[in-house]
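My notes follow the order in which I checked things.

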Amino acid sequence: MKKITTTLLCASFLAANAQSPTDLTKNVGKTANDWINVTDNAGIEKTFNEARRFEENNLGLTPNSIKNLSLPANWKNLSDDDRALYLLNDERTCRKGIDYGSGPVKGLPYQGLESKVDKVAQNHAADLVSINKFQHDGSDKSSPYDRIKKAIGEDCRDFNSYAENLSLSSYIGSPHMLVEQAVYGWIYEDAISKWGHRRACLMQDKDPYPNTTGFVNNYGDANSEGFLGIGVIYSASYNPSNWNNVDGCGLVVMNFFDPSGKAGCDYGESTADIASNEKDNFVQLYPNPVSDVLNMEFSDLAPSINIYDNMGQLVLQHEGNSYLVNINVSQLQSGVYFARMHNGSNKPIKFIKQ
């Protein structure tokens with residue numbers, strides 16, 4: 001039996017208050033241990049939808065005014081990035097038109113994932129695992145704003161009041177729904193952080209809180225705003241809180257920024273391709289980070305797999321035709337790599353070589 005013992009959250013922001021919709025007055029009350037029995041799409045949907053009913057009651061909203069979460073049938077085959085983007089965008093759009101006291105929520109989704117900021121998030125996750133810390137500052141003392149500025153450029157981002165959310169979960173056995181727990185915790189169990197994570201996830205272009213700045217939304221599609229980067233790592237050697245009797249910890253890093261409307265900015269943008277992922281049969285990659293042998297599980301016979309480095313260079317090839325693929329990566333240098341499966345959707349899966 002998997003056991004999630006606890007989850008910690010950490011938000012980076014400049015102002016003391018931020019973003020719409022408004023805060024809950026208390027946590028929903030679902031702890032990390034409650035996620036043990038959440039094992040499928042129906043369980044995830046039930047967990048999030050019960051929290052939405054709680055929010056309506058807690059804030060005096062019209063019953064059932066927050067739309068229900070409905071997941072695609074192939075949820076378990078989606079990448080960490082796509083699951084995070086899907087859940088966050090559903091949380092942003094499900095409140096469209098609801099008035100929390102300062103006018104109706106616009107409810108725009110994030111425009112998508114941005115490749116450079118995605119690397120920022122994954123690299124920060126790997127950095128924290130390497131120093132066994134849970135914090136926003138990197139080992140080089142860089143802040144989330146520093147890292148995003150370096151990747152994107154100062155002129156290619158408009159200021160807003162948030163830059164990074166972190167979530168840390170311990171586990172026994174194999175990691176269990178780290179992305180789902182992170183998004184849920186940020187939005188519904190964030191009282192200890194004064195709802196900074198919730199505000200960061202749900203911030204709009206018009207901000208009802210003082211001394212903060214939301215999205216300018218002057219780039220790309222007017223019906224979406226902002227870019228995300230997602231980093232996810234789970235490791236038996238990572239335990240920054242020194243929890244007892246656990247097999248390791250999982251870390252989720254979310255970075256986000258508001259792209260500017262200035263000419264000459266180059267964004268590597270992508271959206272979650274849920275439809276093409278129906279062709280995937282990928283289930284799990286572990287351990288991550290990895291030192292010697294990378295394991296990849298599939299629900300059907302695996303396709304051929306190519307491994308690329310962070311510069312896009314092919315470094316390894318592996319033939320599939322098995323439900324469990326074991327790839328020796330011991331000869332690779334430490335860093336971020338991508339496993340790309342040639343089975344239709346061809347979506348890369350990130351991992352860290354220690």
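This is a predicted model: local features need pLDDT of at least 70, side-chain atom pairs count only at pLDDT 80 or more; totals for chains, interfaces and linings use all residues.

Helix H1, residues 41–59, packs against helix H5, residues 178–188, at an angle of about 5 degrees. Angles under 35 degrees count as roughly parallel, and H1 and H5 are therefore roughly parallel to each other. I noted that their axes lie 12 Å apart.

Next I listed the residues in that contact. From H1 I have Ile44, Thr47, Phe48, Ala51, Arg52 and Glu55, and they meet Glu180, Val183, Tyr184 and Tyr188 of H5. Sorted by class, this contact of H1 with H5 holds 6 nonpolar, 1 polar and 3 charged residues.

I then turned to the contact of H5 with H2. The axes of helix H2, residues 80–93, and H5 come within 9 Å and cross at roughly 25 degrees. That makes H2 roughly parallel to H5. I recorded the crossing of H2 past H5 as right-handed. On the H2 side I found Asp80, Arg83, Ala84, Leu87, Leu88 and Glu91, which meet Val179, Glu180, Val183, Ile187 and Tyr188 in H5. I counted 7 nonpolar, no polar and 4 charged residues for the contact of H2 with H5.

How do H3 and H4 lie to each other, and at what angle do they cross? The axes of helix H3, residues 115–131, and helix H4, residues 144–152, cross at roughly 140 degrees and come within 9 Å. H3 and H4 are therefore oblique to each other. I noted a right-handed crossing where H3 passes H4. Lys116, Val117, Val120 and His124 in H3 meet Arg147, Ala151 and Ile152 in H4.

Last, I looked for cavities. How many of 30 Å³ or more does a search of the whole structure find? The search finds 1, and I logged a volume of about 30 Å³ for the largest cavity. Its lining consists of Tyr145, Ile148, Arg157, Asp158, Asn160, Tyr162, Ala163, Phe256, Phe257 and Asp258. H4, strand S3 (157–158), strand S4 (162–171) and strand S6 (248–259) are the elements that give two or more residues to this lining. S6 gives the largest share, 3 residues. By class I have 6 nonpolar, 1 polar and 3 charged residues in the lining of the largest cavity.

Definitions and conventions: Residues are numbered from 1 along each chain as its sequence is written. Side-chain values use heavy atoms; hydrogens and water are left out. Axes are lines fitted to C-alpha atoms, for helices over the stretch in contact, and angles run from 0 to 180 degrees between N-to-C directions. Helices (H or I, at least four residues) and strands (E, at least two) are DSSP runs, numbered from the N terminus. Angles under 35 degrees count as roughly parallel, over 145 as roughly antiparallel, 65 to 115 as roughly perpendicular and the rest as oblique. Contact means heavy atoms within 4.5 Å. Ala, Val, Leu, Ile, Met, Phe, Trp, Tyr, Cys and Pro count as nonpolar, Asp, Glu, Lys and Arg as charged, and the others, Gly among them, as polar. A crossing is left-handed if the near helix is turned anticlockwise from the far one by less than a right angle, and right-handed if clockwise. On a 1 Å grid over the protein atoms alone, a cavity is a set of points where a 1.4 Å probe fits but cannot get out, and a pocket is an open set with protein on both sides within 12 Å along at least five of seven lines; lining residues have an atom within 4 Å of a point. Grid points are joined across faces, edges and corners, and a volume is the space filled by probe spheres set on the points.
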